[in-house]
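Here is a short tour of a two-chain model, written to be read with the viewer open.

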Amino acid sequence: MSNLKQGFFQILQKISSPFRKSGPTGSTLKTGPDGEALYDLSLLRELEDDQYLLNMLNMFLQNIPAQLENIRIAAVDKNFEKVYQLSHKLKGSAGMLQSRPLMDLLVQIERQGKERQVSMNDIHQAVLAYARMEGSLKMEKIVLERKMARSV
Amino acid sequence: MKILVAEDEAIMLKTIDLRLRKDGYDVILAEDGLMALEKIRELDFDLIITDIMMPYASGLEIINAVRKEQSKKMPIIILSAMGQEDVVLEAFQLGADDYITKPFSPNELSVRVKRLITK
């Protein structure tokens with residue numbers, strides 16, 4: 001492929017990045033590079049309250065990685081009851097983000113906790129699933145903060 | 001109208017709180033089962049929304065405590081998680097009136113609350 005064509009395709013790739021693919025900032029659905037839905041903020045946006053949405057984004061950004069780490073530690077300690085309880089709780093709140101990849105993994109880990117046989121790989125995959133959306137969530141937060149600052 | 005919300009998960013609690021306050025209800029929050037039971041003893045509610053799995057006392061224990069008290073006939077909505085169908089059935093047997101599965105639409109919760117609280 002010629003340098004010109006290569007350059008053209010590189011520009012095309014940048015334009016069709018995960019962030020832009022799902023439309024202008026403030027949209028609800030974010031997709032990954034493979035087109036899979038990373039998360040969907042539509043449930044949270046139902047409340048039509050920017051301060052609430054900002055609080056929720058902050059809580060997700062703080063709580064999800066912390067809780068995933070707690071699940072990992074509980075699994076290492078073979079505290080299966082704790083793995084079950086923590087993944088059960090996180091499943092509900094992460095569910096408000098409608099993140100199918102993360103929720104599916106948490107359902108699996110919850111079941112594994114109950115069966116007392118936890119896969120560290122599934123926990124690792126859950127961490128990766130969150131990592132895939134963290135950047136977009138942070139961008140959502142920044143954009144929202146700026147929007148709120150402008151409207152003061 | 002006063003509503004008790006018993007839920008130990010902060011994101012859920014804040015979401016429900018805001019939705020109900022926007023609808024004009026007076027909302028009392030309980031972050032665990034014991035706190036919920038204390039609030040039920042102290043105050044009269046028009047409706048209770050309770051999670052199932054909570055520290056110190058479960059949602060089922062709360063339903064049981066409320067229904068044993070003859071004077072307290074307020075409707076109860078339970079918040080269930082996916083895969084908790086057996087627990088939901090048990091909750092109905094104990095006297096719950098409705099359930100909603102997490103994750104849920106705040107607007108759907110609003111409609112369910114309105115339907116029960118105005119009966």
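The report below goes from the two chains to a few selected sites.

## About the model

This is a predicted model, in which local features need pLDDT of at least 70 and side-chain atom pairs count only at pLDDT 80 or more, while totals for chains, interfaces and linings use all residues. Residues are numbered from 1 along each chain as its sequence is written, chains are lettered from A and ligands numbered from 1 in the order in which they are written, and side-chain values use heavy atoms, with hydrogens and water left out.

## Chain A

Let us begin with chain A, which has 7 helices and 2 strands. Helices (H or I, at least four residues) and strands (E, at least two) are DSSP runs, numbered from the N terminus. Read from that end, the order is α-α-β-β-α-α-α-α-α.

Chain A has 152 residues, and 40% of them are buried; buried means under 20% relative accessible area, exposed over 50%, and partly exposed in between, with a 1.4 Å probe and protein chains only. Contact means heavy atoms within 4.5 Å. Of the chain A contacts between residues at least 6 apart in sequence, 57% link residues at least 24 apart.

## Chain B

Chain B holds 5 helices and 5 strands, and its elements run β-α-β-α-β-α-β-α-β-α from the N terminus. Its radius of gyration is 13 Å, close to the 14 Å that the globule rule gives for 119 residues, so chain B is as compact as a globular protein of that length. That radius is taken over C-alpha atoms, and the rule is 2.2 Å times the number of residues to the power 0.38. Along the principal axes, the C-alpha atoms of chain B fill a box of roughly 30 × 30 × 25 Å.

In chain B, 55% of the 119 residues count as buried. Among its contacts between residues at least 6 apart in sequence, 58% join residues at least 24 apart. Chain B exposes about 5500 Å², and carbon and sulfur atoms supply 49% of this area.

## Strand β1 and A6(B)

Now zoom in on A6(B), which sits in strand β1 (residues 2–6) of chain B. A6(B) is buried, at a relative accessible area of 0%. Leaving aside neighbours within four places in sequence, A6(B) touches A30(B), A36(B), I49(B), T50(B), D51(B), M54(B) and I62(B).

## The buried side of helix α3

Helix α3 of chain B (residues 59–68) has the buried residues G59(B), L60(B), I62(B), I63(B) and V66(B). They cover an arc of only 160° around the axis, which puts them on the same side of α3(B); the arc is that of the directions from the helix axis to the C-beta atoms. An α-helix has 3.6 residues a turn, so residues three or four places apart point the same way.

The cover over these buried residues includes β1, α2 (33–42), β3 (47–51), β4 (76–80) and α4 (85–94) of chain B.

## A81(B), in touch with chain A

Finally, look at the loop between β4 and α4 of chain B, where A81(B) lies. A81(B) is buried, with a relative accessible area of 7%. Beyond neighbours within four places in sequence, A81(B) is in contact with H88(A), K91(A) and T101(B).

Note on methods
Areas by Shrake-Rupley, 256 points an atom, 1.4 Å probe, with all protein chains shown as cover.
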